[in-house]
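Trainee: I have a structure to go through. Can we take it step by step?
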Amino acid sequence: MTRFIAHRGLSSVYYQNSEKAFRAAAASPFFYGIETDVWFTSDNEWVCCHDNNPFADESVSISEITLKEALTLPMNLNKMGSVKNATESYICPMITYLEICRDGNKVPVIELKCKPSKAKLKELVEIVDSTVGIDNAIFISFHFVNIARLRAMNRRIRLQVLGKYPTSGRAYLAKGYDIDLMFTFCSGALIRRAHKIGHEVNLWTVNSRAVARHYMRYGVDYITTNFDFSGKV
């Protein structure tokens with residue numbers, strides 16, 4: 001059965017990676033999990049945002065300010081994602097996101113945008129484990145070093161390597177990893193190949209019911225989307 005992941009929360013309705021977007025996704029039975037992007041502040045606090053400069057003042061970087069400072073800065077409304085109209089939004093601490101996932105019985109899908117040290121990754125895993133349980137979360141990243149370090153740390157950690165092309169998808173499957181592939185470069189043959197060797201496939205970012213139905217017919221494991229289709233697929 002295909003399971004749906006809310007891309008940066010319900011980001012077709014609320015500002016991406018915002019507390020409102022996460023809470024809306026958590027309230028919907030349509031979603032199996034909620035995806036977010038994570039970075040950390042200068043005082044080593046994890047937060048949810050797409051890039052290192054998410055604020056209205058683009059000269060400010062997450063990595064150069066404290067969490068207390070970050071919480072006071074409005075987000076850049078030019079980075080709303082698929083939302084057409086959004087009110088002022090502020091950054092969401094990762095712990096708040098994890099608690100929303102836990103309380104809503106959703107699987108956190110955590111994208112590592114940066115390349116933390118091994119010690120920082122270990123800290124992240126400990127926070128996730130203590131909040132939702134390590135078996136109840138998925139970590140994803142384009143940076144293979146993050147995935148490899150997490151695998152070496154604990155083979156129970158659920159991992160998906162992000163990619164854009166079928167060649168990278170096939171390569172990571174051959175290395176023994178589940179994959180999270182840009183949907184336009186995925187095929188039924190690749191999904192069948194993954195399943196044959198015991199691996200899962202996630203697709204990003206599918207915002208069409210027709211496209212979702214197409215890949216569901218191939219039995220894709222996960223579809224990441226900005227929309228709540230509410231059973232209309």
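Trainee: At roughly what angle do the axes of helix 1 and helix 3 cross?

Mentor: Keep in mind that this is a predicted model. Helix 1 covers residues 19–27. Its axis and that of helix 3 come within 9 Å, and they cross at roughly 10°.

Trainee: Is helix 1 roughly parallel or roughly perpendicular to helix 3?

Mentor: The crossing angle is roughly 10°. Angles under 35 degrees count as roughly parallel. Therefore helix 1 and helix 3 are roughly parallel.

Trainee: Which residues in helix 3 meet helix 1?

Mentor: Start from the helix 1 side, with Glu19, Phe22, Arg23 and Ala26. By class, the contact between the two helices has 4 nonpolar, 1 polar and 2 charged residues. On the helix 3 side, the residues are Thr96, Tyr97 and Ile100.

Trainee: Is proline 29 buried or exposed?

Mentor: Proline 29 sits in the loop between helix 1 and strand 2. Its relative accessible area is 78%. The cut-off for exposed is over 50%, so proline 29 is exposed.

Terms used
Residues are numbered from 1 along each chain as its sequence is written. This is a predicted model: local features need pLDDT of at least 70, side-chain atom pairs count only at pLDDT 80 or more; totals for chains, interfaces and linings use all residues. Side-chain values use heavy atoms; hydrogens and water are left out. Axes are lines fitted to C-alpha atoms, for helices over the stretch in contact, and angles run from 0 to 180 degrees between N-to-C directions. Helices (H or I, at least four residues) and strands (E, at least two) are DSSP runs, numbered from the N terminus. Angles under 35 degrees count as roughly parallel, over 145 as roughly antiparallel, 65 to 115 as roughly perpendicular and the rest as oblique. Contact means heavy atoms within 4.5 Å. Ala, Val, Leu, Ile, Met, Phe, Trp, Tyr, Cys and Pro count as nonpolar, Asp, Glu, Lys and Arg as charged, and the others, Gly among them, as polar. Buried means under 20% relative accessible area, exposed over 50%, partly exposed in between (1.4 Å probe, protein chains only).
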